[in-house]
Amino acid sequence: MGKAGASKGRSPTPTAKSGAGGGGGGGGGVTNGAQPTNAATPTTTTTGAGGAAATGGGGGGGGCSRSTLHANKTILKTVSVFLASGKRNSSNQSKAAAAALQNKRQQRQRKMDELSGKINPKLLDNLRKKTRFTKDELDALCRIYRKLVSNCQYAAKTLASSSSSAAIAKPHAAVEGIDRIVFRELLHSTFDIVTEEILMERIFCSWDKAHEGLPLRLEGWLIGLSTFLRGTPAERAAFCFRVYDLNTDGFITKDEMFTLLRNCLIKQPQDEDPDEGVKDLVEIVLKKFDIDKDGKVSLDDFMGTVAAEPLLIEAFGQCLPTDSAVVSFFSTLQV
């Protein structure tokens, strides 16, 4: 019993050793395998865990790399689009600048051709389509245009040389085209247009619809001259209507009729109140022209009335050349 008790009393020590010894083989102690095997087991397990951890870490690194790569691709794509857009804008700006330069050169050449009386083939074909002149007539009319422009330039220089009128003449020093003074003299001396100042001004302003009131350039001069000399009845009637429409509102009103008729009628010395006679005449003419009865004459009213009675085309004053003046003018072209 004492031995047994003693044995029991010592049992903890070897148990502790056994536990310590088993601690080396510890966790794998189900089998009686050798310690290297038991030691290798946790090593393998540890290695597996480490590999898994490493694999997980590698997976995380791979995800981060893919995100970075995607971001870089996006940035590169954005930069490429921006650069391509910049190139397109630069290319468009270059094309626009080149087109503007080319247009400027063409305008300069056109001005030089106009002043020299020359017509380039392209413009000549265009003018032949827009006018009723032959090629030889266009060449002759261009020579006349050159002389008229020279007269305008000479008059401007003469006016500028005068000390008393230098300030007034300065804006006209660089005039290119046929101005009012030369144009009026041409109408009077060449086409027998003898009319009031207000109608002379309106004829000049109505000659070139695209540049009303400005000096007449070559193309506008030729197109207007074609209507003036060889226009159809409808074209000439439309031209007269533009002349009579003093304020360019599309109608000939009673006030405009009064102004036009009052200026072109010869006043008799014995008339006490000539304006009353003009007012009566306005009422008569208005009834004749006002087809739609709205109290004013529209273009349609004017064209319809003139088509029915062609002699009324210059009812408000002379603004077309006589037939003899037209024949005489073409005979002087020497074509």
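The model is predicted. The mean pLDDT of the protein is 75, and 66% of its residues reach 70 or more.

The protein contains 14 helices and 2 strands. It has 335 residues, and 27% of them count as buried. Its accessible surface comes to about 21,000 Å², and carbon and sulfur atoms account for 58% of this. Contacts can also be sorted by how far apart the partners are in sequence. Among contacts between residues at least 6 apart, 65% join residues at least 24 apart.

Is Arg 202 buried or exposed? Arg 202 counts as buried because its relative accessibility is 8%, and the cut-off for buried is under 20%. Apart from residues up to four places away in sequence, Arg 202 touches Glu 212, Arg 242, Val 243, Asp 245, Leu 246 and Thr 248.

Thr 248, one of the residues that Arg 202 touches, sits in the loop between α10 and β1, the latter being residues 251-252. Thr 248 is not a glycine, yet its phi is positive, at about 55 degrees. With a relative accessible area of 46%, Thr 248 is partly exposed. Asp 192 is another residue that is not a glycine but has a positive phi of about 55 degrees. Asp 192 belongs to the loop between α7, residues 180-190, and α8. Its relative accessible area is 39%, so Asp 192 is partly exposed.

Helix α10 spans residues 233-244 and contains Ala 238. Which residues does Ala 238 contact, leaving aside its neighbours within four places in sequence? They are Leu 299 and Met 303. Ala 238 can also be compared with Thr 227 by position: the two are 11 residues apart in sequence, and their C-alpha atoms are 9.8 Å apart in space.

The next topic is salt bridges. The whole structure has 11 of them. One joins the side chains of Asp 139 and Lys 135, with an N to O distance of 3.4 Å. Both residues lie in helix α5, which runs over residues 135-161, and they are 4 residues apart, about one turn of the helix. Asp 139 is partly exposed, with a relative accessible area of 26%. Lys 135 is partly exposed too, with a relative accessible area of 39%.

Glu 201 forms a salt bridge with Arg 180, and their closest N and O atoms are 3.0 Å apart. Because Glu 201 lies in helix α8 and Arg 180 in helix α7, this pair ties together parts that are 21 residues apart in sequence. Glu 201 counts as partly exposed at 22% relative accessibility, and Arg 180 counts as partly exposed at 31%. The pair also belongs to a network of salt bridges that links Arg 180, Arg 184, Glu 197 and Glu 201.

A further salt bridge is formed by the side chains of Lys 254 and Glu 283, at 2.7 Å from N to O. Why does this pair tie together parts that are 29 residues apart in sequence? The reason is that Lys 254 lies in helix α11, residues 254-264, while Glu 283 lies in helix α12, residues 274-289. Lys 254 is partly exposed, with a relative accessible area of 36%. Glu 283 counts as partly exposed at 34% relative accessibility.

How values were computed
Residues are numbered from 1 along each chain as its sequence is written. This is a predicted model: local features need pLDDT of at least 70, side-chain atom pairs count only at pLDDT 80 or more; totals for chains, interfaces and linings use all residues. Side-chain values use heavy atoms; hydrogens and water are left out. Contact means heavy atoms within 4.5 Å. Buried means under 20% relative accessible area, exposed over 50%, partly exposed in between (1.4 Å probe, protein chains only). Accessible areas come from the Shrake-Rupley method with a 1.4 Å probe; for residues, only the protein chains shown count as cover. A salt bridge is a side-chain nitrogen of Lys or Arg within 4 Å of a carboxyl oxygen of Asp or Glu. pLDDT is the predictor's confidence in each residue, from 0 to 100.
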